[in-house]
Amino acid sequence: MGPVARVGRERGARGRRVATTAALLAATATAALAAGCTTGGSGPGDDGRGASRQSEQGTSATGSSVLAVKLDNAAAARPHTGVDAADVVYAEQVEGGLSRLMAVYATRLPKTVGPVRSARESDLELLRQFDRPTLAFSGAQKKLLPLIDKAPLRAETPGSAPGAYFRGSGKPAPHNLYLRPERIVPEVPGPAALTTGFHYGSAPAGGTAAASQTVRYPAARFTFTWSDSRDRWLVGMDGAPATTADGKRLAAATVVVQYVKVRDSAFHDFLGNNTPYTETVGSGKARVLRDGRAYDVNWKREDASDGTAFTTGDGTPVNFAKGQVWVVYAKAA
């Protein structure tokens, strides 16, 4: 065989090897995407609990469902940013008797939300009431990640959406991770996405005048104080007024203190403290605060895919006041 023929044959062999390698890489990438395993990214790290993989369900940003953001609520994390734009704010107990917030956005998307922290098992049950919501969080315990992957939601972490997160300079880590919502939810979902079961309208009959209401966790507390001038319940946390980063007082049109079962979960933090599981499916008692009055009512949520119904003793739905709703989960006696 002459030199020219040998060179041509060698080039042909190299070409076939390159083509084969490229095909294998393409197949691997396709398989990874099909499995929903997007763990990469060079953005801000999470809070040490591991990065979530992209959920297999709801992987496209359509703007048709709510954005839920898991928020740090330690003293070092305050004041919050963007919480005043949320339609609903949920408060739950976590490890060590502390609290975390989940802000749900449908009618407005602020430019920035935070500080963002890690997800909990209870969040998956709570979010089932929405149609494939987007859950923004900093990470989760590694043993919880498979449950998040299987949940009917779209998970967005610094690992899957590095361009949406950044570290602020005003607070120490891990209390300084912030989200730019428009980077993961480009369109405002709209009020139809709020499938919470809440009813809005005129106040129910009865109730008692109430100046304030306090909910205590072992190492945290929330106080809601009625303001006639604001026509809102002013939010306090751990004995201090709760404000936004720009100095505005957090205030709710309606506050729900929902008494639920809080039990141990299968998860612990790095110190060995058990993670409480807040059961939001079932039934029980609740106290609804609106217009400076308190109403003792019943709540019921038959299935995780349902919203929560709040009714009076005779079964009449309880209307909430128009505006932001805070739901604080308290341990039933």
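**A tour of salt bridges and cores**

Select Glu302 to begin: this residue is exposed, with a relative accessible area of 61% (buried means under 20% relative accessible area, exposed over 50%, partly exposed in between, with a 1.4 Å probe and protein chains only). The model is predicted, with local features needing pLDDT of at least 70 and side-chain atom pairs counting only at pLDDT 80 or more, while totals for chains, interfaces and linings use all residues. Residues are numbered from 1 along each chain as its sequence is written, and side-chain values use heavy atoms, leaving out hydrogens and water.

Lys300 is partly exposed, at 45% relative accessibility.

Now select Lys70, Glu92 and Asp123, which salt bridges with shared partners join into one network.

Proceed to Arg290 and Asp291, whose side chains form a salt bridge (2.8 Å, N to O). Arg290 is buried at 5% relative accessibility, whereas Asp291 is partly exposed at 34%.

Finally, turn to the largest nonpolar core, which has 41 residues. Such a core is a set of buried Ala, Val, Leu, Ile, Met, Phe, Trp, Tyr and Cys residues joined through side-chain atoms within 4.5 Å. Select Val69, Leu179, Phe222, Phe224 and Trp326, the residues with the most contacts inside this core. Apart from it lies another core, of 38 residues, including Met102 and Tyr329.

Methods. A salt bridge is a side-chain nitrogen of Lys or Arg within 4 Å of a carboxyl oxygen of Asp or Glu.
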